[in-house]
Amino acid sequence: KYGMGRWAISLKSTNEILGWCGLKKHSNSEVDLGFRIFKKHWNNGYATEAAKASINYGFKMLNIKSIHANHHNENKASKKVLEKLGFQREISFDENGKTWFRYSLIIHQRRYQSEL
């Protein structure tokens, strides 16, 4: 409907599905980035690579001005990916017994403007 969604991530050499990543538009018009990589594929840079492609697509092709993402306190790998991509932490909140952090990336804050 909005030209975005969560897409499968596959390994080019084998077409094996590694997880998913993409953008989602919410009813309040905010766009969030989400990603999940199957555990056996962790620590190979797949989340960063897929998230970077999703961000570039959102900013360049969809003309999105800001993208949000959340991670829970225990998920240090997601925090690392978001910070590597230039997201800035905004707030923390509690949900379902866990502490979560909300991050934002605004197009003018972006570190890789040359890729747009």
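1. A residue is called buried when its relative accessible area is under 20%, exposed when over 50%, and partly exposed in between (1.4 Å probe, protein chains only). On that basis, buried residues make up 37% of the 116 residues in the chain.

2. The model is predicted: local features need pLDDT of at least 70 and side-chain atom pairs count only at pLDDT 80 or more, whereas totals for chains, interfaces and linings use all residues. Residues are numbered from 1 along each chain as its sequence is written, and side-chain values use heavy atoms, with hydrogens and water left out.

3. Helices (H or I, at least four residues) and strands (E, at least two) are DSSP runs numbered from the N terminus. The chain contains 2 helices and 6 strands, arranged along the sequence as β-β-β-α-β-α-β-β. Its radius of gyration, taken over C-alpha atoms, is 14 Å, close to the 13 Å from the globule rule for 116 residues, so the chain is as compact as a globular protein of that length. That rule is 2.2 Å times the number of residues to the power 0.38. Along the principal axes, the C-alpha atoms fill a box of roughly 40 × 35 × 30 Å.

4. With contact defined as heavy atoms within 4.5 Å, residues 24 or more positions apart account for 49% of the chain's contacts with a separation of 6 or more. The chain exposes about 7,500 Å², of which carbon and sulfur atoms supply 48%; accessible areas come from the Shrake-Rupley method with a 1.4 Å probe, and for residues only the protein chains shown count as cover.

5. A nonpolar core is a set of buried Ala, Val, Leu, Ile, Met, Phe, Trp, Tyr and Cys residues joined through side-chain atoms within 4.5 Å. The largest one has 24 residues, among which Leu33, Phe35, Ile55, Ile67 and Phe87 touch the most other members. At least two residues each come from β2 (17–25), β3 (31–37), α1 (46–61), β4 (66–72), α2 (76–84) and β6 (98–106). The largest share, 5 residues, belongs to α1.

6. Strands pair if DSSP finds at least two bridges between them. Antiparallel β1 and β2 are joined by 5 bridges, with Arg6 opposite Gly22 in β2. Their hairpin has 6 residues between the strands, and Asn15 there takes a positive phi near 65 degrees. Antiparallel β2 and β3 are joined by 7 bridges, and Lys25 stands opposite Val31 in β3. In this second hairpin, with 5 residues between the strands, Ser29 has a positive phi near 75 degrees.

7. A salt bridge requires a side-chain nitrogen of Lys or Arg within 4 Å of a carboxyl oxygen of Asp or Glu; the count is 5. Arg6 and Asp32 form one of them, at 2.8 Å from N to O. Arg6 lies in β1 (residues 6–10) and Asp32 in β3, so the pair ties together parts 26 residues apart in sequence. Arg6 is partly exposed at 33% relative accessible area, whereas Asp32 is buried at 15%.

8. Glu90 and Arg102 also form a salt bridge, their closest N and O atoms being 2.9 Å apart. Because Glu90 lies in β5 (residues 88–95) and Arg102 in β6, the pair ties together parts 12 residues apart in sequence. Glu90 is partly exposed, with 43% relative accessibility, and Arg102 is buried, with 17%. Salt bridges with shared partners join Glu30, Glu90 and Arg102 into one network.
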